[in-house]
Amino acid sequence: MHRRSFGLLGLLGLAFVATSSVADAQRVDRNFTVVNHTGSTISHLFVSPTSVTTWGPDQLGTNVLPNGGSLSLQFRPRNYRGQCVFDIKVRIDGHDSSVSGINLCTINTVTFTAEDGHVAYTAE
């Protein structure tokens, strides 16, 4: 009897996780914060679904993101409803660096840093 009860609870938990994942994917907004700890200014920021081969518009517009700064990005890719995994490209000192496979349904903050002359990132 205990085994059956555990199985039922496990199925209910799995159903909850599946429902939560579907609900997250169906949200239109993919809001997240970008933090710049590179030692330089980020002059351009592009975000695009991993499944697409072109970049979206510069999310900074005419603004820049100085070293030590952060930006709460209200990102609402209406054409990509249901997609969670995106790529992000930044331009620093005229050089582009990109990261792939950021799950914006579960990630709230992407922090760019510089390590050994290369741009690195953490996602949390």
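A disulfide is a pair of cysteine sulfur atoms within 2.5 Å. The structure is a predicted model, in which local features need pLDDT of at least 70, side-chain atom pairs count only at pLDDT 80 or more, and totals for chains, interfaces and linings use all residues. Residues are numbered from 1 along each chain as its sequence is written, and side-chain values use heavy atoms, with hydrogens and water left out.

By this rule there is one disulfide. It joins C84 to C105, with the sulfur atoms 2.0 Å apart. The link is left-handed, at -75° about the S-S bond. C84 lies in the loop between β3 (70–73) and β4, and C105 in the loop between β5 (95–103) and β6 (109–115), so the pair ties together parts 21 residues apart in sequence. Strands here are DSSP runs of E, at least two residues long, numbered from the N terminus.

Are these cysteines buried or exposed? Buried means under 20% relative accessible area, exposed over 50%, and partly exposed in between, with a 1.4 Å probe and protein chains only. C84 is buried at 15%, and C105 is buried at 12%.

I turn now to D87, which is found in strand β4 (residues 85–92).

Methods:
Helices (H or I, at least four residues) and strands (E, at least two) are DSSP runs, numbered from the N terminus.
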